[in-house]
Structures are given as C-alpha cells and as structure tokens.
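Me: Hi! Could you walk me through this one in plain words?
Reply: Happy to, let's have a look together.

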Amino acid sequence: MKFKTSLLAVPLAAALAVAGLANPAVAQTPKKGGILKFVVPDEPPSFDGHKETTFALIHPIAPFYSVLIRPDSADPSNSSKFECDICTEMPTSTDGGKQYTFKIRKGLKFHDGSPLTSADVLATFQRIIFPKEGISSARKAQMSMVESVTAPDAETVVFKLKRPSGAFIPALAAPFHFIYSKAKLDADPRWYEQNVMGSGPFIFDIREAGARVTGKRNPNYHHAGQPYIDGFEAIFAKTQTLRVQAIRGDQAVIEFRGFPPKSRDDLVAALGKDITVQESDWNCVLLITPNHEKKPFDDARVRRALTLAVDRWGGAPALSKIAIVKAVGGIVFPGHELAATKEELQQIAGYGPDITKSRDEARRLLKEAGVSNLKFTLTNRGVDQPYTIVGTWLIDQWKQVGIEVTQKVESTGPFYAQLNSGAFDVTLDFNCQSVVNPLSDTAKFLPSDLAGDQYGRFKDPKLAELHDAMNGTDDVKQQRTLMRQYEKRVLDEEAHNFISLWWYRIIPHRTYLKGWKAGPSHYFPNQLDQVWLDK
Amino acid sequence: MFRYVVKRLLLMIPTLFGAAVLIFLLMRAIPGDICYLRLAAGGGTVAPDVLRICRAELGLDQPLIAQFLTFIKGLVTFDFGKSMWTNRPIIEEIGLRFQLSLQVAIMATLTAILIAIPLGTISAVRQNTWIDYFVRTFTIAGIAMPSFWLGILIILGILITSKAWFGVAWMPPIRYVPLWEDPWYNLSMLIWPALATGYRYSAVATRMTRSALLEVLREDYVRTARAKGLYEKLVINRHALRNALLPVVTVLGIEFAFLMGGLVVTEQVFNLNGLGKLFVESVLNHDYQMTQILVMLVVAIFAFTNFVVDILYAWLDPRIRYTR
C-alpha cells in the first residue's frame with residue numbers, strides 16, 4: 001500500500017509543482033545579492049555569438065552582452081511581443097514595411113568604460129549580415145532580407161529591407177546578436193572568438209577551461225536597478241544524472257536546457273516544495289529525412305508510406321512520459337498563428353484521425369511501389385534525449401506496416417559526415433530555432449540546393465517558389481495560405497521530410513530562483529538581468 | 001645501475017614515435033569534419049567558403065605528410081600548438097586538468113596501497129580462515145563493481161543520508177579548487193572519486209599481494225627463516241613481503257598510469273574536469289591536435305611509470321640490476 005502511495009505521489013507532486021506556475025503568487029519585490037549557480041551540459045567552442053549556434057554559448061555568455069531587441073521578458077512565450085534592450089522603443093516600419101529606424105539609448109557603456117553608440121550597433125550587424133571574407137556568421141541567411149544598415153547619427157540605426165518581411169523583427173531579436181565594440185572589431189575582427197567584453201548585466205570574471213565561467217554584477221547596467229544578483233557561476237557538467245543530482249544537492253539552482261520527465265519526477269519527489277517546474281512547448285523538432293538519391297526513397301509513394309505509418313496522435317501521450325517530446329504539429333511551431341490547426345493537420349498524410357486507415361494506405365503504396373518487404377537503416381544521432389528514444393519508437397511504427405528497420409546510432413561527428421556525404425537511407429535530423437519565426441524557421445525544409453542543412457538531397461523549384469512568395473508578403477492571411485501549401489508539399493505530396501513530434505521543455509529549478517520564465521527555446525531568456533534569489 | 005637507467009630511458013624513444021604515428025593515422029581514419037562540427041552541428045547552415053577557410057586555418061588542407069611533420073616538429077620542440085576546437089594553447093587547456101587527474105591518481109593509489117597491502121598480507125597469512133574469506137569477497141566485489149557505478153551510489157548515498165540526518169541534501173562540490181587554495185573544499189570533492197576508483201584498484205592489488213605472498217611463503221628460504229626461529233612478523237615483513245611486492249608494484253604502476261587518462265566515466269559521474277574527460281571530448285570534436293598531444297602525454301606517463309617500476313624492481317630485487 002505504501003508503495004502504491006509513493007508511486008502516485010510523484011506525478012501528483014509534479015502536477016502541483018507545475019500547476020503552481022499557472023497560478024503565480026502575488027508579485028514579490030526582488031531581493032538583491034547572491035550568486036546564481038547553474039549547470040551547462042557543454043562548453044562552447046568559442047565566445048563569439050555571431051559565429052556559434054549552440055545553447056552552450058548562450059547560457060554562460062549571453063549575460064555579458066546587450067542586444068538591440070529581445071523577446072518580451074515578461075512573456076517570452078509570446079512570439080509576437082518584443083522589447084528594447086539598448087534601443088529606446090520598438091519602431092514601426094516605414095517605407096511600406098521596408099525600413100525600421102531604431103533609436104539607441106544615451107549614455108550606454110561597454111564594460112571597459114568606452115561608450116556604446118550606434119556605430120557599434122552598425123559594426124555588429126554589418127558583421128552578422130554582411131560578414132567580410134573569413135568571418136563566419138551563422139545567421140546571415142536569416143537576415144538576408146536586409147538590404148543595408150546605416151547609422152546616420154550616434155543614436156540612430158536604420159535597417160533597410162529588400163522587401164517587407166514579417167520575419168525581420170523576430171530574426172533581429174535572436175539572442176546570439178551580441179552588440180560588439182566597433183573599436184575591438186576594427187583592431188581584430190576575430191577578437192570576440194577568444195575574449196568577452198560587452199555591455200550586458202554581468203562583467204566577465206573567470207573562465208576555467210572545461211570547468212566554469214563566472215560573471216560579476218555590472219554596476220553601470222542600463223536597466224536601472226538590475227541585475228539583482230551579485231554574479232553567476234556557469235558550471236559545465238556533461239552528464240545529465242550529475243546535473244539532476246547537482247540541483248538536488250543544491251550545488252546548482254537550474255539547468256536552462258531541459259530535463260526529461262523522469263528527472264523532473266525524481267526531483268519533485270526528492271525536494272517537494274523546494275523545487276519548481278516550468279514547462280513549455282519547444283521550438284525544436286525531430287524530422288525524418290529519406291535520402292532521395294537512394295532507391296526506393298526516390299519514389300514519393302515510398303516516402304508517403306513512411307509518414308502514413310506513424311501514429312503521432314497515439315504516440316504523443318506515451319512518448320511524452322519518457323522523452324522530451326509532446327506536441328503533434330506540422331512544420332510550424334504549434335500554437336503560432338501560422339501553424340496548422342488540428343483539422344488542417346488531419347488533412348496531411350500521417351496525421352489522419354484513423355491510424356488503421358492510414359496504415360492500410362501505407363501498405364498499398366508500398367505494394368504499388370514494389371517494396372512490400374522494405375528494409376532500411378535509420379541513421380540516428382547518439383543522443384539519448386530525444387533522438388534514440390524517438391528513433392526506437394519510429395522503428396516500431398514502421399514495423400506495423402511490415403517495414404524492417406535497423407537503427408544505426410553514431411556520435412555527432414560521424415553522423416554529420418554521413419549526412420553530408422549522402423551515405424544513409426533515412427535519418428533523424430533536427431530543426432531547432434531560437435525566437436519563433438516560422439517564415440524563417442521553415443527554410444530548413446527548402447530543397448538541398450537552397451538549404452545547406454537539408455540532407456534529403458533533392459530539388460524542388462515549386463517548394464522554393466512557395467517559400468519565396470510566403471516571405472515576400474507581410475499579409476499574415478496570405479502567409480498562412482501559402483504556408484499551408486508549402487507544408488502540404490513538404491509533408492504530404494512529396495513527403496520530402498516528415499515531422500515526428502515537437503520537443504517539450506521541462507525546467508525544474510530550485511524554488512528560491514525567481515524572475516526567470518521558461519520560453520519556447522533553450523536559447524532565451526538568458527541575460528539573467530531579471531532573476532533574483534529568494535534566500 | 002647508471003647504464004640500466006640510460007638503457008631504459010632510450011627505449012622510450014621508439015615507443016613514443018610509434019604511438020605518434022599510430023594516433024596521427026587513426027585520428028584521420030575517423031569519419032567527420034571538425035569545421036562542420038564547430039560551425040553547423042548546433043543547427044543552422046554554413047557557407048562553403050567559411051568551411052574552406054576554417055580547414056585552411058587548421059592546416060587540414062595540407063598533405064598528410066606535411067601535417068605529420070608539423071606534429072612531430074611540435075613534439076620535439078615542445079610547442080604543442082593550439083586546440084583546434086577552442087583555439088586556445090593546448091598547454092593551457094591541459095594544465096588545470098593535469099593537476100586534477102594527478103591528484104586523483106595519487107589519492108586513489110594511496111587508498112589502494114593502504115587497503116591492499118595489509119588486507120592481502122593478512123589474507124595470505126590467515127589463508128582459508130574467515131578473515132581470508134571476507135577479504136576475498138571484498139576484493140571480488142571490488143573487481144566486479146565498476147567505479148562509475150560505485151560513484152553514482154556514493155553520490156546518492158550522500159544525498160539520501162545527509163537529507164535524513166541533517167534535513168538538507170548535501171552533495172560533494174562539482175567544481176574543482178586546487179588543494180593549496182582551499183584544502184577542505186578540494187578534499188570534500190576529490191575524496192569520493194578517489195575512494196570509488198581506489199576500491200577497485202585496491203581489489204586488484206589485494207588479490208595480487210595475497211597470491212604473490214602465498215607463493216613466497218612456500219619458498220625454501222622462508223622455511224629456513226622460520227626454522228632459524230625468527231619471529232613470524234620478521235619473516236613476513238623482511239623476507240616474504242618484500243619479494244612478494246614485485247608483481248604488486250607492477251600492477252600499481254600500470255593502474256596509476258591508467259588513472260591519469262582513463263577515468264573517463266568516473267570523471268563524468270563526479271564532474272571532474274580531468275584528462276579523461278578532455279580526451280573523450282577532443283575525440284568527439286575531431287580535435288586532432290589535442291587528441292594527439294593527449295595520447296602522447298598518456299603514452300609518456302605509461303612509459304615513465306614503467307621506467308619507475310623497473311627502477312623499483314631493481315631496488316627491491318638487486319639480482320635484477322646485476323643480471324642486466
């Protein structure tokens with residue numbers, strides 16, 4: 001009897017801990033002081049936000065920098081609300097949606113005491129959008145709608161676009177767009193790869209290779225009264241078990257990426273009211289990519305059969321108990337205004353309400369294509385959450401229609417080597433983005449000759465036309481219509497790629513951490529200027 | 001003795017060169033590209049010209065022989081270069097980790113010696129008594145139990161007992177501080193991995209001590225010593241144990257060298273920022289330069305430890321140096 005009670009207690013306590021968030025307590029006055037210790041699963045290869053793409057850079061390094069604009073810190077889940085960091089107010093577009101003028105705050109200073117002006121903002125975005133030869137800019141493609149950036153005076157920066165674009169503001173708000181010092185960039189364009197000097201809430205203090213990064217409070221931070229904490233310590237800890245135990249043993253307050261459901265339940269069971277859990281849909285998804293250059297995956301019927309066999313509606317509730325996945329969705333982040341509704345999704349192959357009917361159709365297509373006894377290898381990445389779990393689930397789904405699949409798990413290096421060389425049958429790839437920006441995020445599904453990270457090895461001019469048309473209008477209704485056509489072509493008509501389940505972010509943290517809200521991405525919010533410790 | 005030492009030192013050179021050739025070729029046989037991993041594995045795209053520049057900067061566009069000669073030249077001149085992953089000097093990257101790995105290795109070796117020699121001796125002397133059975137069970141458990149698993153149990157045990165006894169769950173620190181900066185903090189972190197690895201290490205050494213001592217105790221000269229009426233304590237300590245220690249010293253030497261670079265999983269369990277963790281990360285990241293230097297470091301440690309063991313052999317058993 002006691003055993004039964006304790007089994008029930010874990011999910012109940014977890015539900016209560018999460019529910020506590022839905023009904024937030026009366027707003028408290030932030031307390032000042034203390035050092036926030038958090039764990040980070042990886043160490044970034046360099047300190048340059050413009051170059052890197054990993055959350056391992058954002059978590060320990062973002063607190064040292066300011067950005068021009070950022071997702072609304074009071075409501076980070078709202079993908080259409082943004083706020084100024086170093087600008088004075090969010091601008092409205094002019095010139096028919098083709099120009100945005102930002103006014104920069106006066107009196108801003110870098111940590112070395114030098115003034116931060118529009119010249120620094122200009123140098124930063126020139127480096128991101130129009131990098132010189134030899135400079136790597138990871139988000140250059142997302143900012144490709146920008147024609148020019150100018151700084152007519154010390155407090156003004158103007159972005160001129162090639163055409164109106166709904167993707168511009170969310171792309172601009174990427175948390176990697178750290179504002180760098182023009183003087184430093186002029187002296188050495190790669191200075192920021194090995195050094196940190198920003199204007200953010202914290203001043204760089206210590207970096208111990210492979211161990212930690214620390215920051216101390218910036219007394220001259222431009223948001224008055226912030227940050228509340230005296231400093232932070234980002235501790236690199238590779239294993240998930242250790243990160244969970246570190247929170248349990250109070251060696252760390254939080255890990256900002258996310259834990260699987262079991263770890264949440266363990267922490268809730270062990271710590272009770274001392275742990276708070278925040279959860280959110282996650283702008284990350286695993287997609288299945290067949291290699292179009294390999295037979296029989298050059299046949300759209302075979303690709304459609306693969307997606308038809310997968311029971312997403314039935315699998316989501318079960319998988320969400322063991323893996324960091326939950327929502328059923330199309331190519332757009334679920335819940336966004338450009339995302340398909342449930343009724344619209346059900347019109348797409350593999351999303352139908354009747355899985356038996358879908359699987360019958362899958363068998364028919366396989367037979368018609370002459371591959372009733374299809375066998376192939378699923379090349380997967382050697383990362384437990386959620387790659388191998390979802391991969392194992394997919395193998396079972398395909399088995400239901402008589403497809404025999406072997407899973408080949410590779411570490412990241414050999415995995416990408418095989419994807420790049422085309423030495424795979426079918427693979428599980430991911431699309432993880434920061435600020436929810438479907439017009440830009442869905443570029444991942446473009447044909448291989450246009451998207452560098454499309455591993456399907458196919459051409460499809462019609463798909464490119466649809467994407468261009470969608471990005472060429474700022475009429476949301478029209479964008480939505482075009483998005484449905486684009487989605488239908490990607491997932492159904494051609495089945496170039498197909499979606500498994502969207503990720504789900506679970507962040508258990510010590511209850512005494514206040515002022516931090518989980519957003520739909522593990523890339524933000526992480527400047528830590530609004531967090532405080534209620535100890 | 002001098003000739004013996006010089007000969008042993010010279011024998012290290014071909015060993016090191018062979019290891020250098022092997023690791024250089026093996027690293028290049030692993031599929032994957034450090035530039036692609038660095039620039040695109042976190043998501044996003046990377047332009048071909050950026051990849052080309054990255055490869056040129058890292059010297060990966062050079063012919064293999066040129067890359068090998070650069071590597072050997074760096075080794076000979078002690079210029080180990082920069083990590084291809086972090087672009088920081090390798091000496092700097094290894095420095096802190098080396099301290100930590102060395103301290104854990106020393107602590108684990110001390111733990112092993114303190115457990116193994118007395119237990120092995122008592123087990124041999126009291127063969128087939130309950131003490132012997134207990135020691136044998138204890139050592140078999142030590143060999144069977146992986147150190148990392150014992151480490152996880154230790155952490156969980158500490159969390160649970162501290163919560164039960166003091167009301168607050170305590171966990172060993174997860175960040176390294178050098179011994180001379182804060183001895184208490186340092187030891188409260190490193191004592192647990194030293195115990196976890198030292199236990200397994202001691203189990204091997206205890207069994208070796210026991211079997212070597214049992215063999216020696218049956219030798220004629222021990223019987224003679226006893227027949228002369230020497231105290232049993234003297235017979236064991238002066239005549240039997242010293243000779244029985246020869247194979248034990250070999251085991252201790254090999255294990256010590258292994259601990260310097262091979263504690264990969266245990267380091268992860270306790271979040272030790274040691275050489276083992278760096279090793280795995282550099283292999284996964286395709287950081288050729290770092291991996292090559294780390295392999296050479298571990299080979300050098302093994303070679304040096306073997307050298308020290310050889311010297312100890314000669315000290316423990318004078319016949320060895322006279323016959324060479």
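**Strands, helices and the core**

Reply: Let's start with two antiparallel strands: β8 (residues 212-217) and β9 (residues 231-236) of chain A are joined by 5 bridges. Strands here are DSSP runs of E with at least two residues, helices are runs of H or I with at least four, and both are numbered from the N terminus. This is a predicted model, where local features need pLDDT of at least 70, side-chain atom pairs count only at pLDDT 80 or more, and totals for chains, interfaces and linings use all residues. Residues are numbered from 1 along each chain as its sequence is written, while chains are lettered from A and ligands numbered from 1 in the order in which they are written.

Me: Switching to helices: why is α7 of chain A largely enclosed?
Reply: Because 7 of its 9 residues (240-248) are buried, the rest of the structure largely encloses α7 of chain A. Buried means that 20 or more other C-beta atoms, placed from the backbone, lie within 10 Å of the residue's own. Among the buried ones are A:Leu242, A:Val244 and A:Ile247.

Me: What covers them?
Reply: The cover includes β1 (35-40) and β15 (498-510) of chain A, and also α7 (147-166) and α11 (264-269) of chain B.

Me: How many residues of α9 in chain B are buried?
Reply: The count is 0 among its 8 residues (220-227), so that helix is hardly covered. After α9(B) comes B:Gly229, with a positive phi near 90°.

Me: What else is in chain B?
Reply: Chain B has 14 helices and 0 strands. Of its 324 residues, 39% count as buried.

Me: Last topic: how many residues does the largest nonpolar core have?
Reply: It has 232, and A:Leu68 is one of those with the most contacts inside it. Such a core is a set of buried Ala, Val, Leu, Ile, Met, Phe, Trp, Tyr and Cys residues joined through C-beta atoms within 7 Å.

Me: What does A:Leu68 touch?
Reply: Leaving aside neighbours within four places in sequence, the contacts of A:Leu68 include A:Ile86, A:Phe102 and A:Ile179. A contact means C-beta atoms, placed from the backbone, within 7 Å.

Notes
Buried ≥ 20, exposed ≤ 12 C-beta atoms within 10 Å, placed from the backbone. Contact = placed C-beta atoms within 7 Å. Pairing = 2+ DSSP bridges.
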